Amino acid sequence: MKRFVQFFALFLLSFSLFAQTNVNLLSEAEKNGVSCYWDALGSSGVLEKNGHQIAFHVGDAFVLQDYTKIQFTDAPELQDGTVMVSKKFIDDTFSFFNTRTKESGYKVGAIIIDPGHGGKDPGALATYKINGKSVTIKEKDICLKTANLLCTRLKKAYPDKKIIMTRSTDVFLSLEERTDIANSVKLGEHEAILYVSIHVNSSLDKKATGYETWYLSPDYRRTVLEKDKNVDKNLFNILNSLTEEEYTSESLLIAKFIMDGIQAQVGSLSNQRGIKANDWFVVKNANMPSVLIELGFVSNEAEAKNLIDNFYLQKLSLGIYNGLTAFITHFERSRGFMGGE
């Protein structure tokens, strides 16, 4: 009996210690002035304070500090939808933040605007009678006009950022050339780059209308980091995987902000078709957060006529611009991770 009592006491002590050392991460973060951005779909998140970040993933016994250094610690757990962590995780986290008071200055350093098609490639085509004349509406022209309007707005708002057009005239560029332009941009320390590809839709269904945004499917795996001979292969794979997840979260958020921005501008003039995932070449080969926008359908006569109206294109470009500025504000405050505190 005595031996049983000792065992039971030890069990209670162990349970008590377990209960004390596993705490609600979001509650602890709030108490200590740390912002927590949680992505429930990816079971990952970011802790942020004074411009410094710790990225974590449920079940992984390491975190990524300021997106440059791996720190091994206890793995966070998900219990009834709540992120629970050990005392060691909390101590490691606050030790990191307490020794780094200077803001790291993360910002968007460049935005690539990619007007689809061009030159010998007209994209989607449709011919309609306008004022008694047959007019052929070309996707490449709509894309370029919208991109130029967007570029002007962004350059005025962000003179300190690189606003780059893959093409500013009616020239042909291969898909490889477009992504090469984006991937070759030189950035400063702690700077990010965004890629926005602009297109117009077409369908056999002449009634189809509306705008939509696309991002790279989370199931598509790729290498987004440059190989570093000095980094262990396993650590490189971990870093690459975390960066992939980061790009997916950010691309999804850009897509959402742009959809909301366009909807606020065009209202009932068109309809929102939603955010979709696919392995488009330009988004899967651009090593950065990337989205592809379909502005509307040239195959629908009423919408096609809107898409060649300068006033309507102003609305579309302003919607995209407002979406991008909303994302940039979010990114430069929180390093871009989607989710609530």
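A search of the whole structure finds two cavities of 30 Å³ or more. This is a predicted model, in which local features need pLDDT of at least 70, side-chain atom pairs count only at pLDDT 80 or more, and totals for chains, interfaces and linings use all residues. Residues are numbered from 1 along each chain as its sequence is written, and side-chain values use heavy atoms, with hydrogens and water left out.

Reader: What volume has the second largest cavity?

Author: A cavity is a set of points, on a 1 Å grid over the protein atoms alone, where a 1.4 Å probe fits but cannot get out. Grid points are joined across faces, edges and corners, and the volume is the space filled by probe spheres set on the points. For the second largest cavity it is about 40 Å³.

Reader: Which element gives the most to the lining of the second largest cavity?

Author: Lining residues have an atom within 4 Å of a point; among them are Ile54, Phe89 and Asp92. Helices (H or I, at least four residues) and strands (E, at least two) are DSSP runs, numbered from the N terminus. β5 (62–65) and α3 (87–98) each supply at least two lining residues. With three residues, the most is given by α3.

Methods
On a 1 Å grid over the protein atoms alone, a cavity is a set of points where a 1.4 Å probe fits but cannot get out, and a pocket is an open set with protein on both sides within 12 Å along at least five of seven lines; lining residues have an atom within 4 Å of a point.
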